[in-house]
Amino acid sequence: MAYSNKVIDHYENPRNVGSMDKNAEDVGTGLVGAPACGDVMKLQLRISDDGIIEDAKFKTFGCGSAIASSSLVTELVKGRSVEFAMSINNAMIAEELKLPPVKIHCSVLAEDAIKAAIADFKQKRAKKADAVAAASAASE
Amino acid sequence: MSLKLPIYLDNHATTRVDPKVLEVMLPFLTEVFGNAGSRNHAFGWAAQEAVERAREQVASLIGADPKEIIFTSGATESDNLAILGVAHFYKEKGKHLITQLTEHKAVLDACHALEKEGFEITYLPVAADGRIRLEDLAVAIRPDTTLVSIMWANNEVGTIQDITAIGKLCRERGVFFHTDAVQGIGKLPFNVASMNVDMASISAHKMYGPKGIGVLYVRRGRPRIRLEPTMFGGGQERGIRSGTHAVHQIVGMGAACAVAADAMRDGEAERIRELRDYLWTKLQENLDELYLNGSWEHRLPGNLNISFAFCEGEAMMMAIKDLAVSSGSACTSASLEPSYVLRAMGVDVELAHTSIRFGIGRFTTREEIDYAVQNITDKVRWLREMSPLYEMVKEGIDIKSIEWTAH
């Protein structure tokens, strides 16, 4: 596969590889893809109370462009708002990495990973709010 | 001796021309340039003599008569000629052929072409070790079957079929037997008589000869095999394969056969097998979760096909870029489907994505294998460190229990 230098760079020197505690309240985890399809991405975001992505980590099983797409995404979202992260789409990732047409699905997967991680975080927040509301209702 | 990178470990794809072969070929690109079909002058005679000598060399390697050797442009053409040639010639007798799911595309696609013409093809399944069951073949042969085509050794997993038994069964049942013998010839002993073979495809470039030249062995004697040509013209090769003889390549193929016969006598297969076994042993010492694809017992000496679980094949090949290997991963194929050979053997699709094929050959050294072991070990660890699946397995999560979203 003829890849751009950017893909090679992200593949050979992947940024922000690692894991966070998936049970932590301020961590949203997105796990997308399928082993049978040859790629699985796990993206984790640590999000502050005011909606800023303070840290991002990934682990990816997949081809070179899948690894590069996830690495790029962690770089893009770190220090940015949740709203900005939600605005990232696969075309931006594919364009930035100059992915060949057969590898576009890797960028789609990376977009899905962001959305899944944020959805997980929001769900945790909602549960926590419910728990707080329930607790205060019970104490009344 | 310093190690030269990258290291070639893809000897199923092609092999380097042996210097001894090249030396024999060169004069036929310069002073001996005649057309072997020119019967009336010295240039033609010299070329013809060279072609006939090469024919003898090929025949001698496989225990055939030189008259049974048809030169072609390569094994793809040989496979096509054997399959289409028999199917078309005997179409009044029957329009049924038998092959297997793990054949090379040259056989499968020739069969697909026949299906479009109204022929019926049976694709035999293979067991987990990559071999067909003789019982399956016995049941599949019908009164209207004209040809069985089963390869000798598989190009991906190196699995060797029991050609002798298959050939015997075909002979008993009165159907012709063709084998694509490309991967095995010149590496392991092959004898058309004792192995009951009617037709065999051979390629020079898989055995340290030049590309662009191959042979179809067609048995003579009774019952006679008749082929309808796929190439028409000057009537060369007894009218079965027209076209001016590529003398330099034919000479190269003959020389490659002679060199291979010597190498076999000198224990080349054993040396290569030792290197292959050493590679496999060392990798298993260093890494967990490795899965061998194909039979260990019935295997080409130079073949190792392993699934490195949790390391996708294309990423793996990018990581070990100093090693020239090949992968059954979808991401390395144009179709985005993982290897059909591994799938036919029942290998999990997840594991098929992580398969790497190593092909050790005549010019592979122990030093190169040592380098490969270290390189692969480091890179597999690095990729697994990055793999969410490996992490989950280490946490005790059953990956198969997760509901993945296919995409």
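**Entry 1: His245(B)**

I began with His245(B), which is buried at a relative accessible area of 16%. (Buried means under 20% relative accessible area, exposed over 50%, partly exposed in between, with a 1.4 Å probe and protein chains only.) This is a predicted model, where local features need pLDDT of at least 70 and side-chain atom pairs count only at pLDDT 80 or more, while totals for chains, interfaces and linings use all residues. Residues are numbered from 1 along each chain as its sequence is written, chains are lettered from A and ligands numbered from 1 in the order in which they are written, and side-chain values use heavy atoms, with hydrogens and water left out.

I found His245(B) in the loop between β8 and α7 (247-265) of chain B. (Helices, H or I of at least four residues, and strands, E of at least two, are DSSP runs numbered from the N terminus.) What does His245(B) touch, not counting residues up to four places away in sequence? I noted Ala36(B), Val51(B), Arg55(B), Gln236(B), Glu237(B) and Ile250(B), contact meaning heavy atoms within 4.5 Å. I also looked up Ser73(B): its C-alpha atom is 9.7 Å from that of His245(B), though the two are 172 residues apart along the chain.

**Entry 2: the sheet in chain B**

Next I traced an open sheet of 7 strands, in the order β2-β8-β7-β6-β5-β3-β4 (chain B), with mixed pairing. On average, neighbouring strands here are turned by 20° against each other, direction ignored.

I zoomed in on β6 (residues 176-180) and β7 (residues 199-203) of chain B, which run parallel and are joined by 3 bridges. Thr179(B) sits opposite Ala200(B) of β7(B).

Which strands does helix α3 (residues 75-89) of chain B touch? I listed β2, β3 (96-100), β5 (145-149), β6, β7 and β8 (214-218) of chain B, and the helix makes about 160° with the direction of β7(B). (Axes are lines fitted to C-alpha atoms, for helices over the stretch in contact, and angles run from 0 to 180 degrees between N-to-C directions.) Helix α4 (residues 105-116) of chain B lies across β3, β4, β5 and β6 of chain B, at about 150° to β4(B).

**Entry 3: two helices in chain A**

I then checked α2 (residues 64-77) and α4 (residues 90-97) of chain A, which pack at about 110° with axes 10 Å apart. That makes α2(A) and α4(A) roughly perpendicular, since this label covers 65 to 115 degrees (under 35 is roughly parallel, over 145 roughly antiparallel, the rest oblique). From α2(A) the contact uses Ala68(A), Ser69(A), Leu72(A) and Val73(A), and from α4(A) Ile93(A), Glu96(A) and Leu97(A).

**Entry 4: salt bridges**

How many salt bridges turn up over all chains? I got 33 for the whole structure, each a side-chain nitrogen of Lys or Arg within 4 Å of a carboxyl oxygen of Asp or Glu.

Glu268(B) and Arg362(B) form one, with the closest N and O atoms 2.7 Å apart. This pair links distant parts of the chain: Glu268(B) is in helix α8 (residues 268-286) of chain B, and Arg362(B), 94 residues away, is in the loop between β13 (355-359) and α12 (366-385) of chain B. Both Glu268(B) and Arg362(B) are buried.

Arg15(A) is partly exposed at 21% relative accessibility, and Asp9(A) is partly exposed at 31%.

Key
Two strands pair if DSSP finds at least two bridges between them.
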